[in-house]
Amino acid sequence: MRFPKPRRVTLYILLVFFAFLFLLPLWTCITTSFKPVHDVIYTTPVELPLSPTAEPLITALNIMQRPLLNSFTFTISAMILSCLLGSINGYILTKIRFRGSDTVFLFFSIGIFIPYQAVLVPLVLTMSKLGLFNHIEGLILTHTAYGIPITTLLFRNFYGVIPNSLIMAAKTDGAGTWTIYRRIVLPLSLLPFVVAAVFQFTSIWNDFLFGVALARGSEAQPASVALANLRGTTEFQWNVQMAGTLWYALPVLVIFFVLGKYLMRGYMAGAVKG
Amino acid sequence: MVSVAIRNLTKTYGTTAAIKDLNLEIKDGEFFIFLGPSGCGKTTTLLCIAGLLKPDKGEVWLGNELVTSSERDVYVTPQKREVAMMFQDYAIYPHMTVFNNIAFPLEVRGEDKSEIVKRVTATANLLGLSQLLDRKPRQLSGGQRQRVALGRAIVRKPKVFLLDEPLANLDAKLRVKTRTDLKKLQRELGVTTVYVTHDQVEAMTMADRIMVQRDGVTEQIGTPEELYNHPANVFVAGFIGSPEMNFTDCTLIEEGARLWLDAREFKTPVPTQVAPKLESYVGEDLIMGIRPEDLYERKSVKGSTQKNALRMTVDIIEPVGPYLLLHLRKGRCSLVARVKNTTARVGQEVDIEMDPSKMHIFDKKTAKAII
């Protein structure tokens, strides 16, 4: 799209304005993280610190260290598991197929639309019965299960584009179902894996509800819950809270910077397929 | 190397039958071609032989082994049939090098590493791919991809080759060359080959025998010569040969103790040697067929139309290198004649004669050949 010059200038001004607007919270988060308590009170959040200090960041990291580690553990585990299972599901549902595979897929799709709140009570009860309440394993299991529908949908759409002749050729070449997956389908799945992984990482990392329901205050407490607790009970330590937020947001930001390119391509691929 | 037998094969998609009660014997080492327009059930039949599709009814035999039978509940998976298939889009694995593509069937069968290298190298040499073994498919031309697919099929020495329109995606020049190469390769390897195409020239030039299919039904099975010289019905007669056979509606009449084909614009006597076969059709509507190369221009005669000759107007003259195609018209009757040369110009009239022994006559009701 090429606009005439004056319109282009207006467009850029608008874009810069909105970019600025959306980056403002991140900016205040960064500035406040480097302010001692005195600066927080005597400067506006947008202003730079008068006497910059890394103190709030260190304090926040000390408190958040264990929860961040917890979050990393269950996020990465659940991300890998749900992507892998989603990929296998997508392969079976598109390339192998069986009687009723469309019905099975329908149930997977329904899974996407079940709100978290609806399953909280049965979820907590089930996890207690399994002895996984207040355990990282419980969070891994829950997030994996909750991730499978969306990853299945994503991989199914992507595998719809892989020509069936490729699978048929592999069959006549002598490869079984599992060999075809491992040798043909999996190596062709880099793009959907990146998309699914980023999607799963952010949604699991950002989750608060399952974390608070399944592991609040325990050793296994996730970073999202710990962050909420940073607020304190008697006084508001804005700088420490902001520092905690920064630590918490960092992994997701890094991922988007590194993999954003693939993510756009992946979304496009899905969009064109319909 | 085995024979392939198909008994009462039926496959239905929804309500449309892709194959209806197909029976077929393909001999050991034969180059057998399924020919027909798209959507006639050729590929479905091929997939049933490969085991990639389960038929609704019927049996498939590879040699003495029953590999598919819905009645007896036998189904050997494609992995266990010693059948190699080549697909129209080649289906070469995009993430593997040429070497790995060709080696794949050997690897999954657990062959020795050294044996794999030996056989892949030999196959690559045979197909002129030795310089390309490290390339990825996207770095190859269409013809090279086609050869990789072929290499992957022949490297494991299967008992049967199944080829689904392997030349359809090549340009015209390469297709002609590959046709010869493929035929030569099949002779050398001696592997029973089933080949699907909608291109009658491909079928005629390569096949030992051809099966013409339409709408899931077999129209005729025979050698290229049989199909060309003795087509069983109007469909086969029209499908095989280029330019197409000329068809004219006519009525069989008896006049002066002879049988005549009356096509309104002209009348031609039925050759005496075939007359007995036609006697019962007197008064019936028939279709007369004559190939363009069996029509001649009569030049020496001046003046009125000669006996058996038909005076027609030249509509178009198409030069096709070694010969000319004359598009001729008279009333509702139009014909194409293939001649070596002509002095006629567009718009002029010429006298056309036919070789009565090359005439094909079909029953209009059944479209089946009478002679």
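1. In this predicted model, the centres of domain 1 and domain 2 of chain B, taken over C-alpha atoms, are separated by 41 Å. The division of chain B places residues 4–239 in domain 1 and residues 251–363 in domain 2. Contact between them involves four residues of domain 1 of chain B and four residues of domain 2 of chain B. On the side of domain 1 of chain B that touches domain 2 of chain B, three residues are nonpolar, one is polar and none is charged.

2. Chain B contains an open sheet of five strands, in the order E2-E1-E4-E5-E6, with antiparallel pairing. Its edges are strand E2 (16–26) and strand E6 (74–75) of chain B, each of which pairs on one side only. In general terms, strands of a sheet pair through backbone hydrogen bonds, in a parallel or an antiparallel manner.

3. Within this sheet, strand E1 (residues 4–13) of chain B runs antiparallel to E2(B), and seven bridges join the two.

4. Which strands does helix H1 (residues 42–50) of chain B lie across? The strands in question are E1, E2, E4 (57–62) and E5 (65–69) of chain B. Relative to E1(B), H1(B) runs at about 120°.

5. Chain A has a secondary structure of 12 helices and zero strands. Read along the sequence, its pattern is accordingly written α-α-α-α-α-α-α-α-α-α-α-α. The C-alpha atoms of chain A fill a box of roughly 75 × 65 × 30 Å along the principal axes.

6. H3(A) comprises 42 residues and spans 57 Å from its first C-alpha to its last, which is close to the 62 Å expected at 1.5 Å a residue. At Met64(A), H3(A) bends by about 55°, and a proline, Pro67(A), follows within four residues. After H3(A) comes Arg97(A), with a positive phi near 60°.

7. The domain assignment of chain A gives domain 1 as residues 1–53 and domain 2 as residues 56–273. Their C-alpha centres lie 31 Å apart. Seven residues from domain 1 of chain A and eight residues from domain 2 of chain A take part in the contact. Helix H1 (5–33) and helix H2 (37–42) of chain A are the elements that give two or more residues to the domain 1 side of this contact. H1(A) gives the most to that side, with four residues. By class, the domain 1 side has four nonpolar, two polar and one charged residues.

Definitions and conventions
Residues are numbered from 1 along each chain as its sequence is written. Chains are lettered from A and ligands numbered from 1 in the order in which they are written. This is a predicted model: local features need pLDDT of at least 70, side-chain atom pairs count only at pLDDT 80 or more; totals for chains, interfaces and linings use all residues. Two strands pair if DSSP finds at least two bridges between them. Two residues are in contact if their C-beta atoms, placed from the backbone, lie within 7 Å. Axes are lines fitted to C-alpha atoms, for helices over the stretch in contact, and angles run from 0 to 180 degrees between N-to-C directions. The expected span of a helix is 1.5 Å times one less than its number of residues. The bend at a residue is the angle between axes fitted to the seven residues ending there and the seven starting there. Domain bounds come from an automatic or database domain assignment. Ala, Val, Leu, Ile, Met, Phe, Trp, Tyr, Cys and Pro count as nonpolar, Asp, Glu, Lys and Arg as charged, and the others, Gly among them, as polar.
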